Every structure is written in C-alpha cells, then in structure tokens.
Amino acid sequence: MSHLPARAVIALVPVLALLAGCGADDSSAGGDNATLRISAIPDQDPAELTAREEALAEYLSSALDVEVEYVPVTDYAASVSLFRAGDLDTVFYGGLTGVQARLQTPGATLLAQRDIDAEFRSVFIANADTGIEPFDDVAGLTAFEDTRFTFGSESSTSGRLMPEYFLREAGVDSGSELSGRPGYSGSHDATIDLVEAGSYEGGALNVQVWEARTAAGTVDTDKVVEVFTTPPYSDYHWLGGPDLEDRFGAGFTEELRTALLELDGSTPEEQAVLERYGAGKLIPTDADSYERIEEIGRTLGLVS
Amino acid sequence: MTDLPRIASLEATGPAVARARGWRGRVRPRAAGRVWLVVWVVALAWSLSSFLGEDHRVLNTAGWGAFTEFWAAAARPDLSADLLRATVEAAATTLAFGVLGTLLSVLVGIVVAPFMSQTWWAPATASGPSRLLRAGGLLLSRAAVALPRGVHEAVWGLLLVSVLGRDPLVGVLAIAIPFGAITAKVYSELLDEADRAPYELLREAGAGRVTALAYGLLPSLLPGATSYAFYRFECSIRSAVILGMIGAGGLGLQLTLAFQGLQYAQVWTAIYALLVLGALIDRWGAHLRRGRARGRWAVSGVLLAVLVAGSVWHLAPDLERWFSGRTLELLSRLLDDLVPPSLPAGGWSELVAASVETLQMSVVAISLAAVAGLLVATVAARGGTSPPRRVLGWAARQLLLLTRAVPPPVWALLVLFVVFPGPLPGAIALGVYTFGILGRLFAEVVEDLDQGPREVLAELGAPPLASFAYAVVPAAVGRLLAYSLYRWEVTARETVIVGVVGAGGLGRLLEQQRAGFDYPAMTTTVLALVAVCLLVDLLSLAVRATTR
C-alpha cells in the first residue's frame with residue numbers, strides 16, 4: 001500500500017498542470033483598462049450568438065479604435081444585474097430587459113435598434129397532434145385554452161411578455177386557463193424543441209428565430225406548426241452604460257451611437273454583421289417606443 | 001472519512017445535548033419505525049397523486065427521440081483541439097472555485113466555531129443571570145448560522161452578482177457563505193464532543209480561554225475536522241458546477257451553453273470532464289479514508305497548498321473591487337431592495353402552496369434516490385468474487401458516477417422531454433442526481449458490512465435477493481436511514497435549482513420574482529425555503545431519535 005501516495009500524486013499531476021497551464025484571463029479584470037464590454041441577452045443558440053456578437057465587436061473595434069470584448073451571459077436577469085453593477089458597457093437587450101435595465105441603472109442611454117425591431121412580432125406554434133388550425137385574429141388564441149403551453153425565458157419580450165399580453169387580450173389567463181401552469185423553456189430554440197417533442201402542446205416565440213429555424217430546416221414542420229403571428233410591437237435595442245464617458249472620454253456615448261447607426265451594410269464586413277442580426281440597417285430609437293412594454297411589464301409584475 | 005451519519009448528526013439543527021435527549025425512550029424503536037414507515041408511504045402517495053394531474057398521463061413517448069439523441073451523443077463527444085483546450089480551462093475554473101470556496105469555508109469554520117460551542121458558553125459561575133445570558137448567547141449563535149446555511153449556493157450567487165458583478169469572488173463567496181456557516185456548526189459540535197479534561201486542567205491552571213482551546217482541545221480535533229473539510233471539498237466542486245451554470249464560468253457554463261445550443265457532442269465533452277474531475281476527487285478521498293498514516297496526510301497537504309496557490313492565480317480575484325465605493329453602494333442598494341420582505345403576488349396561499357409543493361418534490365426525489373440507490377448499491381459494492389459480478393459492479397459504479405456528475409438542471413431538461421411538465425420532472429431530476437450520491441454512500445455501507453451472515457445464507461441456498469434482504473438490510477438499516485434523511489434535507493434545498501424548467505415549488509416562485517426583480521418577495525420566498533428545510537431537518541431528527 002505504500003505506493004499509494006505516489007499514485008495519488010501522479011493522478012493529480014494533470015490537475016495541477018491544467019491549473020498552472022492556463023493563465024488567468026485578466027482582460028476583464030478591473031475597470032482601468034479601456035476595453036468596451038459588449039453583451040446580449042442569451043435568447044438563442046449560444047454558438048450563433050457568440051459569432052454574431054464577435055462580428056459586432058470586430059466592427060466596433062475598428063470603428064471606434066478601442067478594444068472590444070464580448071461577454072457571454074447565461075441568464076436574462078443576470079444580464080440586467082451585471083449592467084447595473086457596471087460590468088457590461090453596451091448590451092443588446094430585448095424590449096422588456098432593456099426597460100428593466102434602464103430603470104435600474106440611472107444614466108443608461110438608448111443607443112439604437114434594428115430596422116426590424118420597430119415592428120417586431122411573435123409567433124404562436126402548436127404541436128400538430130393538437131389539431132389547432134392557423135388563424136388571423138388575436139381572438140383565435142382561445143384555441144390554446146386547456147393546453148400545455150410554454151413561453152421562452154420569463155424575461156423575454158417576444159417569448160413571454162407580448163404573447164402573454166395577447167393571450168390576455170383573447171381572454172386566456174395564462175395563470176388559470178391553460179392546462180397546468182405555463183412552462184418557461186428558457187429560450188426560443190428550446191420552445192420549438194419542446195413543442196415539437198410534444199412536451200408542450202403550444203408555445204410562443206420570436207418570429208425571427210422561428211423563421212431562421214424553418215429556413216435552416218431544423219424544425220420538423222410535420223410535428224410543429226405555426227398558427228398565429230401577432231400584431232407588431234417595439235422590441236430589441238442597444239443600451240449604453242452610465243460609465244462610458246468616464247472610461248472612454250467625453251462624447252464616447254455619441255461616438256458609439258454613431259458607429260452603430262453607420263452600420264448600414266456599405267462594406268462586405270458590415271453586410272456580414274447585419275446578416276447575423278437579421279437586419280437591413282440600424283435605426284435611432286427613443287424611450288417612447290418602449291412605454292407600452294413598460295406598461296405591460298407592470299401589469300404582469302415584471303417591472304416594479 | 002466521509003462518515004455521513006455522523007456528519008448528518010453534527011450538521012443537524014440544535015445543540016448535541018438537546019438532540020441526545022430528543023424523543024428517545026418514549027417510544028419503542030421498532031414500533032416507532034413502523035409508524036414512520038406508514039407516514040412516509042402516505043406522504044409519498046399524497047405527493048405523487050398531487051403531481052399526476054387530472055388526466056394521469058406521465059410519460060410523453062413522443063419526446064423519446066430527442067431524449068435518445070442526447071444519449072446517442074455519449075459515444076461521440078466533441079474532441080476537437082479547441083474545445084478540449086476550453087474544457088481544460090473550464091475544469092481549472094471549476095476546480096479553483098471548489099478549492100477556494102472550501103478553504104474559505106474551513107477558515108470561517110475555525111474562527112467562528114469556538115463562539116458557537118457549548119464549551120465557550122459554559123457558565124463560569126453558577127449565578128442565575130450569567131447562566132441565562134450564556135444560554136441566550138449559545139442559542140443566538142446557533143440561530144445566526146441557520147440563515148446563511150439555509151440559502152442555497154445558487155441563490156447566494158445570484159444575489160452576489162448584483163453587488164460584485166463578474167468578479168470570480170462571486171463564485172468563491174457563494175460557496176463559502178453557506179458552507180462556512182455549516183462548517184462552523186460542525187466544528188463547534190466536534191469541539192463539544194471532544195474530551196474536555198485537558199481543557200479544564202489548563203483553565204484551572206489559569207490559562208485563558210483561547211490558549212486552553214488551542215492546547216487542550218485542538219490536537220484531538222484535527223482528524224475529524226480534516227475529514228469534514230474534505231467532505232466539504234467534494235460538495236464544493238458540485239456547487240461550483242451549479243454556480244457555473246448560472247454564469248460563474250467553468251464546466252457548468254460550458255455545459256449550459258452547449259446544451260442551450262443543442263450541441264450534445266459538446267455537452268458530453270463537458271460531462272466527461274466532470275466525470276474525470278469527480279473520479280480524481282473520489283480517488284483522493286478514498287485514499288485518505290483508507291489510512292491515517294502521516295505520510296498520506298502530508299502529501300495531501302502539499303497538494304492542497306499547491307492547488308490553493310494555483311486557484312488564486314488562475315481566478316485572479318480583483319480585491320480592489322471589494323473596497324471600492326461602488327461595491328458598497330451596490331451592497332446597500334441590494335439590502336435596501338431585499339428588506340422589508342413582502343408577500344408574493346398570490347399572498348399567503350401562494351407561498352404556502354409553493355412550500356408544500358417543495359416538500360412534496362423533496363419526498364418524491366429522496367424516495368426515488370433511496371430505493372434505486374439501495375438496489376444499485378448492492379451491485380456497486382466492491383468485493384465481488386466472480387468476474388461477471390465484478391464487471392457488473394464496475395458498471396454500476398460508473399452509472400452512479402455519471403448520475404451525480406450531471407447537474408440537476410440538466411437532468412431536469414432531459415427528463416422534461418419524456419415526462420410531462422410540472423413538478424414531477426423536477427422531482428425525478430433531483431432524484432436521479434441524488435441517486436448517484438446516495439448509491440455511492442450506500443455501496444460504502446455495504447462494503448463495510450460483515451459479509452458472514454450473507455455468505456452463510458447464500459451457502460444454505462438462499463437466492464441473492466433473500467440473502468440481501470435478511471443479512472444486509474437489517475445490519476445496515478441504521479446508517480442507510482441516516483444517509484437518506486441527511487440527503488433529504490439537502491434535496492429540499494436543491495429543489496430551488498430545478499426551477500429552470502419551471503418545475504414547481506418555491507424554486508419556480510423565486511425564478512418568477514427574479515425575472516421581475518421583485519426583491520422583497522424574493523426575501524420571503526427564500527425565508528420560506530429556509531423554513532421548509534428546517535422542518536425537514538426537525539422531522540429527520542425525530543425519525544432518528546425515535547428509531548435509534
């Protein structure tokens with residue numbers, strides 16, 4: 001048995017090696033180095049999200065001549081908390097999370113939105129076995145009464161807030177008139193997969209993700225069908241943090257806004273970035289566009 | 001080493017003396033055991049029936065495809081160089097959180113334990129007021145650890161993020177706060193159980209309290225304290241994975257991102273990394289458990305020191321941030337937000353309903369874990385004689401390793417494909433995970449048993465199941481029960497982390513309140529969870545006291 005300590009040492013060598021081998025990632029530490037930390041709410045496939053945000057980071061880096069780092073987060077609410085704590089400089093938020101972050105972070109500014117965000121929509125999908133037929137009017141949402149239904153993330157605008165609002169308009173209280181309580185799948189992609197698998201009979205999600213998935217052929221449209229597209233509402237937008245000018249100099253917020261708005265696809269690189277965002281160009285936005293979201297958020301207890 | 005029944009009794013609510021008095025002697029143990037068994041069966045039936053809903057459908061066969069797709073990927077993990085490099089880095093982060101979290105917990109334990117011990121609060125004089133004051137002090141010190149300990153690491157993590165942001169200290173502190181509290185409690189119990197004669201002698205000779213503790217009590221406490229620290233290390237690694245899932249980084253984060261993108265091959269790379277990490281730590285623990293030779297502890301001590309240094313260097317926490325005005329401002333804002341607590345939107349009825357559901361989930365989960373654990377443990381126990389038995393035993397041990405290496409939220413998402421939504425898939429997910437932990441502990445119990453009676457029965461021609469039922473179960477039942485009850489309390493607290501699938505109970509309520517940043521209501525929900533865990537803890541005490 002005396003050889004056991006040696007064996008233990010040998011077993012732990014790789015562990016120590018890996019601890020020693022990978023140096024600390026200090027690019028994010030401290031606030032003195034001028035790295036612009038951009039982020040986005042985790043509303044879709046993390047690999048695609050990373051590719052999209054890194055493309056934007058590259059664009060902003062060359063447009064503004066600063067280091068830009070993409071910071072991935074796994075949770076909508078955590079993203080709002082990190083913005084409030086000053087750990088994220090610019091975040092591509094959904095309608096609701098943007099309102100939450102702006103209300104919680106004095107000095108935060110609206111920067112821009114995509115052309116598609118001014119008139120964004122959600123789709124309601126149903127498992128084919130339910131036999132729910134497509135319909136054109138909000139009132140048709142009563143078809144989801146007594147079904148097992150899932151939203152996306154609790155904090156999602158297109159996957160929860162607006163769908164819940166439209167369900168209410170149709171007279172369906174998600175708290176009491178579905179079969180059991182509504183699910184919260186966590187992301188738009190997960191909503192599709194769970195409805196396709198029949199775990200839930202119905203669900204609602206971001207129209208953009210739905211279209212991308214059906215175009216890519218990663219949805220079995222024999223098992224899950226689109227039944228309703230909602231009326232439009234204002235959704236995603238970029239917020240800038242209150243520390244931008246302190247860290248990057250006076251006027252930086254405006255420079256950042258300009259850089260975003262100049263992203264119009266005039267070069268192949270810009271084209272590639274916009275394509276990843278599913279947008280034609282970026283456009284200005286203002287607080288008024290999100291008043292309705294804020295109001296609905298208050299009714300649903302998501303904004304206090 | 002990881003003598004869990006003892007740990008369980010040390011971690012349980014209330015001072016040791018109160019526990020020892022307990023309910024013992026009032027009821028005959030056998031009769032009491034039968035009564036508890038009936039209570040348990042009724043509770044389980046009640047919980048299950050309330051989960052089944054109206055149409056009594058449980059299994060969703062249509063989701064089987066997605067479920068098997070995940071398992072099929074086990075055979076082909078993504079082994080590309082880039083991903084492997086990222087995985088090694090992530091494993092280092094998870095390990096570093098575990099190491100530093102444990103270190104801080106043990107330090108807190110050492111510093112705080114004396115002030116929680118009966119030894120410290122023992123009256124020096126017999127005067128009434130002094131006695132009362134000291135009894136009050138003891139009670140107060142015990143109550144002070146109930147809250148930090150009762151709040152799950154994940155909840156601490158989410159709260160700390162809003163103060164410390166992306167600093168790696170969030171992960172370390174989220175582990176160290178609850179684990180530090182429980183370590184302090186256990187160390188104080190160890191202090192109280194130690195032979196106090198040398199301490200008394202030193203005190204009589206005029207030594208101060210601290211000096212007397214250091215020279216009169218400490219030496220005899222070291223082995224127990226070290227064992228417990230290692231057990232905490234195992235727990236810390238598991239917590240580090242969960243914290244990673246909510247954003248702290250490391251293997252938990254990598255696994256979550258891959259899972260969200262349905263990249264099952266990458267998910268399996270992370271799972272295999274967790275398996276390797278888990279197996280290494282198991283080995284280390286088993287190695288320490290098998291002997292008390294000085295050499296072993298010395299080697300481990302050196303390794304630990306290197307690990308600690310490596311962890312600090314790897315995580316590079318930003319200490320400046322601690323003392324910045326901004327942190328203080330964010331902390332005061334958080335506290336401002338959290339108190340005074342308020343009821344959830346649905347009032348008391350919603351809070352009570354969610355608490356009951358949490359309790360039901362924990363009952364279902366621990367029942368599943370204990371029954372399945374018991375069945376598999378007999379196969380998994382080392383010491384099989386025939387080659388097929390050995391292969392089977394090895395397979396069973398890998399199964400247990402796998403089920404506890406995959407974090408509960410991932411189990412929950414997987415179960416959701418094949419079990420219709422509601423609290424049941426959440427409970428099953430927790431049950432499967434706890435099965436991995438309990439099964440291993442049960443296997444250790446079986447290994448430690450005297451094999452004589454079982455062999456005799458087998459030689460007399462009894463079938464394996466019968467020889468197991470009559471020879472193994474009676475001899476081991478006390479420890480098996482203690483393990484199960486201990487994990488029951490842990491499971492009740494962990495219901496909070498399967499909230500990701502909207503499983504139900506207080507975890508689901510907390511997720512909703514978090515989405516709306518309703519901090520006052522979150523405080524209430526967390527307090528309710530602490531209360532449920534306390535109730536479970538007290539029930540466990542009652543069961544153990546009356547069946548001893």
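Modeller: Helices (H or I, at least four residues) and strands (E, at least two) are DSSP runs, numbered from the N terminus. The model is predicted: local features need pLDDT of at least 70, side-chain atom pairs count only at pLDDT 80 or more, and totals for chains, interfaces and linings use all residues. Residues are numbered from 1 along each chain as its sequence is written, while chains are lettered from A and ligands numbered from 1 in the order in which they are written.

Biologist: Is Phe517(B) buried or exposed?

Modeller: Phe517(B) belongs to the loop between helix H23 (505-515) and H24 of chain B, and its phi is positive, near 50 degrees. A residue is buried if 20 or more other C-beta atoms (placed from the backbone) lie within 10 Å of its own, exposed if 12 or fewer, and partly exposed in between. Phe517(B) has 21 C-beta neighbours inside 10 Å and therefore counts as buried.

Biologist: Is Asp65(A) buried or exposed?

Modeller: Asp65(A) sits in the loop between helix H2 (46-64) and strand E2 (67-70) of chain A. Although not a glycine, Asp65(A) has a positive phi of about 60 degrees. Because 8 other C-beta atoms lie within 10 Å, Asp65(A) is exposed.

Biologist: What is the omega of the peptide bond from Val339(B) to Pro340(B)?

Modeller: Pro340(B) is placed in the loop between helix H16 (325-338) and helix H17 (347-380) of chain B. Most peptide bonds are trans. The bond from Val339(B) to Pro340(B) is cis, with omega near -5 degrees.

Biologist: How do H22(B) and H24(B) run, roughly parallel or roughly antiparallel?

Modeller: The axes of helix H22 (residues 464-494) and helix H24 (residues 519-547) of chain B come within 8 Å and cross at roughly 170 degrees; axes are lines fitted to C-alpha atoms, for helices over the stretch in contact, and angles run from 0 to 180 degrees between N-to-C directions. Angles under 35 degrees count as roughly parallel, over 145 as roughly antiparallel, 65 to 115 as roughly perpendicular and the rest as oblique. The orientation of H22(B) to H24(B) is therefore roughly antiparallel.

Biologist: How far apart are the C-alpha centres of domain 1 and domain 2 of chain A?

Modeller: Domain bounds come from an automatic or database domain assignment. In chain A they give domain 1 (35-118 + 235-299) and domain 2 (121-229). The distance between their C-alpha centres is 27 Å.

Biologist: Which strands of the five-stranded sheet in chain A stand at its edges?

Modeller: The sheet is open, with mixed pairing and the order E7-E6-E8-E5-E9; two strands pair if DSSP finds at least two bridges between them. Each edge strand has a single partner, so one side of each is left without a neighbour in the sheet. The edges are strand E7 (183-184) and strand E9 (224-229).

Biologist: What angle does the direction of helix H7 of chain A make with that of E8(A)?

Modeller: Strand E5 (residues 122-127) and strand E8 (residues 202-206) of chain A pair in the antiparallel sense over five bridges. Helix H7 (residues 207-216) packs on the sheet, touching E5, E8 and E9 of chain A, where contact requires C-beta atoms, placed from the backbone, within 7 Å. The angle between H7 and E8(A) is about 100 degrees.

Biologist: Which helix supplies the largest share of the side of chain B that touches chain A?

Modeller: The contact takes 61 residues from chain B and 53 residues from chain A. The largest share of the chain B side, 11 residues, comes from residues 294-315, helix H14.

Key:
Contact = placed C-beta atoms within 7 Å.
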